[in-house]
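Try each task yourself before you read its solution.

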Amino acid sequence: MKKLKLKVILLFVGITLAGCSNTKMAFNLNAIEKNRVLNNAAIYLNEVPETVTASICYRSTGTNHDFYSEGDYWWPDEKNPNGPYIRKDGLTNPANFTTHREALIRFSQISGALASAYVLTNEKKYAEKVALHLKAWFVNQDTKMNPNLLYAQAVKGVATGRGIGIIDTVHLVEVTKAIHAIENSGLLSEVDLVTIKLWFTNYLNWMTTHEYGISERDNGNNHSVCWTMQVAAFADLINDTKTMDFCRNFYKNTLLPNQMDKDGSFPLELKRTKPYGYSLFNLDAMTSICQILSTKQDNLFAYTTKDGKNLELGLKFIIPYIENKSLWPYQQDVMYWDEWPVRQSSLLFGGLAFKNKKYIELWKSLKANVTTAEIIRNMPVRYPILWVIK
């Protein structure tokens, strides 16, 4: 029954959308994504699982099952080479340990591509491979990751881990979408599925109760948005409706009114040394929250604050600069300026929500397969087929 429902929903995405100008366009996400998905899935079918236990950094104070990463913008102090690192905002230190983050991103890419291929073809080989990777990360005692981020974005001489490290698991959001896509395939045992969902239950509890999680929630910029996106996705996976309701209210009463300006920009992101990339990233994360949590009764895409802030305002602010980056009136990003924009999920989700042809066409025109590591790191939605099924 669920497979039939899933196929019906996918067919619905392919029907005609009415744009703001009342012109009609045919939009079939499956057709647009099919070749890319199947080509990527063919490559990933040959990949074996690789979790955090495959590599250890001697600077980590955790175990080999603990995720560890180091803050991107922290460098040795030339004036005190043996002392604490110092921060250089926007400038990534290539010597810092990022292997676990890279493994997590790889896991997300593999899961997203293979689960999307399963949705498109119903071929069991794709779901079987997804299940293999899921069990390595969340079930197998020898290789699974502990459900916390106590040691993420550590800084030498400053901290063994920090709350802002929680943003590193933003790549698990699309993994939850992959789980949704294959959970009724029969290729995950009931015991394994329960164990996987228990992992996310435990991680969700840690994120919402530990001091690192609380500080990340209250950070105030894209970190708070990404905390909410993760919490919403993990709660959706385990059917935690109370936490999902919290996220809806948090979006309405805190994230949107406090982070968006009256012109649709994000002032806290514009203050950074990479204002363009961070603005795109934050809007993608906000629309992803709305994509996860919106219902017929509570459409977050349409929600508007008393002073007129909403997601469409955010899109109207950024779209001219996606169409023509040379118009950007703010500082250029200190790194990766030339690599943006890519297929920003805000354009797709916004286009579907607002039935806007312009947004969809702009999304289609942008690069889908991204190879620059920094852009991939800030691209939590890579396989949108998984996001439009319920």
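**Exercise 1.** Find the residue at which helix 2 bends, and say by how much.

*Solution.* Keep in mind that this is a predicted model. Follow helix 2 along its axis: at asparagine 35 there's a bend of about 35°.

**Exercise 2.** Check whether the end-to-end span of helix 2 agrees with its number of residues.

*Solution.* Step one: helix 2 covers residues 29–44, which makes 16 residues. Step two: at 1.5 Å a residue, they should span 22 Å.

**Exercise 3.** Work out which residues of helix 2 are buried.

*Solution.* Residues count as buried when their relative accessible area is under 20%. Going along helix 2, that picks out Leu29, Asn30, Glu33, Arg36, Val37, Asn40, Ala41 and Tyr44. Now recall that an α-helix has 3.6 residues a turn, so residues three or four places apart point the same way.

**Exercise 4.** How many disulfides does the whole structure have?

*Solution.* A pair of cysteine sulfurs must lie within 2.5 Å to count. The search turns up 0 disulfides. Take cysteine 226: its nearest cysteine sulfur belongs to cysteine 247 and is 13 Å away. For cysteine 247, the nearest is that of cysteine 290, 12 Å away. Cysteine 247 is also buried, at a relative accessible area of 0%.

Terms used
Residues numbered from 1 in each chain as written. Predicted model: local features only at pLDDT ≥ 70, side-chain atom pairs only at ≥ 80, totals over all residues. Heavy atoms only, no water. Buried < 20%, exposed > 50% of the residue type's maximum accessible area, 1.4 Å probe, protein only. Helix = DSSP H or I, 4+ residues; strand = E, 2+ residues; numbered from the N terminus. Expected span 1.5 Å × (residues − 1). Bend = angle between axes of the 7 residues up to and from the residue.
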